[in-house]
Amino acid sequence: MMALDELLIYGDGNPSTAVDKWKRTGNKVIGYWCSYIPTEIIHASGALPYRVRGSGATGTDKADHDMSTVCNCSFPRAILDLAYRGMYDFLDGIIGMNECDHGRRAFELWVERLHPPYHHFVYVPRTRKQISVDEYVLELEKLKLSLEKYLRVEITSDSLRQAVGLCNENRALLKKVQELFKKDHPPLTGTQRHRIINASVSIPPKELNQLLHALLEEVKHSDGQRDYKARIMIVGWVGDDTLLHRVIEELDGLVVMDNCCFGARAFWDPIDFDPENPLPSLARSYLARTSCPRMFATFGERYGMLQEAVTDYRVDGIIRTRLQFCDLHGVDNVHLHRRKEQMGAPMSAPLVLDYIGQDESRVRTRIEAFIEQLQQ
Amino acid sequence: MNNFSSKRRAASRKRTTMSNNRKYQFKTFDFSKPVDTCVDLIDMLDKTVGATLKQLPESVGWIFDPVLQAIDELLAVKENPDKVVYRHFTYAPEMVYAMDCISFVPEGLTFMMPTEYLCALVDESRGMDTPEHFCGYFGGVLSPVLAGRMPKPKAILHCNQPCDNSVAWGTVLAESFPDVEMFILDNPYGDDEEAVRFIAGQLREGFKYLERMTGKRLDLDRFREVMSNSAKAYRLLYEINEYKKAIPCPIPTSAILRSTSAAFYALTGTERLLSWLEKHLADAKQRYAEGRGGLREEKMRVVWLLLPVFDPLLFDWMEETFGAIAVSTLSAQPFYQPPDIDYSKASFEELLRCLALRNNNHAMGRQGRGHMSTFVNDMVKWCREFKADAAIFSGHWQCQANWASAQITREKLMEELGIPMLIMAIDQLDPRVVSAEAMVSRLEPFLQMVAEKKEI
């Protein structure tokens, strides 16, 4: 099987088929909620970090008993629903954090209702002040100790160094995949890229590296995508689902870039690891990376990244989107709207979606109109 | 058919309901008239809300003094632009008072302004792509802040509690005042000693920041005085709350909860607040001694989570129709336990620790930033202590963290105290989302059920 096919299969499954293989070796799988949790610590413990996703959810009925459809985001509701239905029973533990109100509460409800064999909450600061970095270091120390106790292992500086090496290689290779989209005719579609990113958070990093190396070889001589009308950047989407990418590309757009959570932000910045100070260097790197709106007053740097991306990826149009009830991305949209003239590419009006997209026809209509506008 | 059941049915039929008695005329709003959103909001508040409250007779007017005090502080903002410090509503005001600066809370304006203005400003912010689920407290001032129609601060004290809306609001302030460095308090998740140390360390930096931004030096004696006043204020509120546990609840009206909310969000550390609390306490003591409650006979006791702000007549309706007295609400509860120290001699570090505890235990901040058990346990505690017959979770529909705690809270209340909790969605500020009449349609059957259970 080609590396691309393997990656796409891994990315589509939840759990990915890699989990079964992993568990048969007797190793543990620890779920985590957000990319601000250093997966290197989990890797270094010998467990497979598995980013929980909503993929596979067909509704949120069970989760809606505890979380409100009036104001709670459908993405964590979908994840919680899967957990309530036993779809995450393969996890040997779960790590949550304060990424946003919805995710935080969904994690707390998961623990309260399901009593997983292991759970841990990491408080991640929202600023980069030294005192906040120091606090984050204390939190990572607690996480490390907690994992060591549960898994009966020692997480050494060396095991962390190795984990960082593997994960940084993941990031570098994913960035190389991303850079393919600078070409006039990228060898992959944006949908495929997104599915590869989903795979990257659910399979062992060594295997991911092997597959990404193979993929980059496979696509070297590809003719690439030719039948597209507009190069599109997606801004603001949080989910792992591929509805948006698929619809854009069915309408002859090509998604070349994003600033999304299950997207470029996941791999954009390598970790600057100091083996003499492993946890402080992890803490600093994670807080310093290209930010999510959960980090305070960092809109300016996200805006800068978008402006650069417009130039680097020759973006024809930007689709602004967000999950319904996401205040963090929602208010980012306000600032984007105010700076739209300086962006360098036309921006759509905000496309507000629920995670389990029953309203594909609405999405289709909006995107079709936007792409037509771009062509005019 | 037994007599007991038919007595209850008869009582239920006699009770005034909206369907058969239009005695209650809730506040009416006219959203058809255009509103000048560029009006000076502080002046407008003074001339509308302030003027109305000042006309009330002293026997009733004293209840609203915290609101008048807040308006006076807003007027001081205009007169002393060099002292203005923007402050998030869950960032303890004591820090600003200690620096002899003037605290300005833009979102506090939405709490007080006439509803038609608030709605017009919310609509204006929606025209800037603000999501409809962005909290109205911030959404109501987003457009004037971004458009430069608010006073420019010397400094900005911000924090991330209680919720994502606060984080998002921080970006608005950063975009609106790019040349004013912001100080952000990273509120912790926990409440242990480490969390207190983390906050205290940041507050130490916060004072240095304020000194740098305002050009003033912190006067330790002034800090002592402010924290002493703050401690007194909390102790008075605790004492008042002890009386409120009595049956009937010795408060003049449930509307006093709103004044208490305003007081403890904005005015702790001031002497004027102490005067008001002493009056509140004296009133409670007298009512208690006389065995009386408010205006109407108390037949049941209710704890509200978040009060609808736009129409205090809802309380009148509840009291009149069911004898249901709202004895407590989240924002009128004290959570900060002032340390028992000699504030007149306290060291800077001791005072920082007090201020850290104060910040960590700010109403709503405390429940929003941490684990849901804080919210759940607080609700159970209030209902137990105040001998509530029922709880009402009138969830502000933009209050996401609390909404995700509501169901568990309902279960715990039934499990531990055997009392029901009504969960209903409202917009605390905007009656266009859920009007008072619409709330009544949810409250009525619920309170009727509680009344029948109590055999009222």
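Biologist: Is B:Arg287 buried or exposed?

Modeller: B:Arg287 counts as buried, at 10% relative accessibility. Buried means under 20% relative accessible area, exposed over 50%, and partly exposed in between, with a 1.4 Å probe and protein chains only. Keep in mind that this is a predicted model, where local features need pLDDT of at least 70, side-chain atom pairs count only at pLDDT 80 or more, and totals for chains, interfaces and linings use all residues. Residues are numbered from 1 along each chain as its sequence is written, chains are lettered from A and ligands numbered from 1 in the order in which they are written, and side-chain values use heavy atoms, with hydrogens and water left out.

Biologist: Which residue does B:Arg287 form a salt bridge with?

Modeller: B:Asp283, with the closest N and O atoms 2.7 Å apart. A salt bridge here is a side-chain nitrogen of Lys or Arg within 4 Å of a carboxyl oxygen of Asp or Glu. B:Asp283 is buried too, at 15% relative accessibility.

Biologist: And where do B:Arg287 and B:Asp283 sit?

Modeller: In helix α13 of chain B, residues 271–290; they are 4 residues apart, so about one helical turn separates them. Helices (H or I, at least four residues) and strands (E, at least two) are DSSP runs, numbered from the N terminus.

Biologist: How many salt bridges over all chains?

Modeller: The search of the whole structure finds 62. One of them joins the side chains of A:Asp252 and A:Lys229, at 3.4 Å from N to O. A:Asp252 is in the loop between α10 (243–250) and β6 (253–258) of chain A, and A:Lys229 in the loop between α9 (205–218) and β5 (230–235), so the pair ties together parts 23 residues apart in sequence.

Biologist: OK, new topic. What about the largest nonpolar core?

Modeller: That core has 234 residues, and those with the most contacts inside it are A:Tyr88, A:Trp110, A:Ile367 and B:Leu109. Domain 1 (16–159) and domain 2 (224–375) of chain A both give residues to this core, so it lies between them. The domain bounds come from an automatic or database domain assignment. A nonpolar core is a set of buried Ala, Val, Leu, Ile, Met, Phe, Trp, Tyr and Cys residues joined through side-chain atoms within 4.5 Å.

Biologist: Which residues is A:Ile367 in contact with?

Modeller: Leaving aside neighbours within four places in sequence, A:Ile367 contacts A:Leu244, A:Val247, A:Ile248, A:Leu251, A:Ile319 and A:Leu351. Contact means heavy atoms within 4.5 Å.
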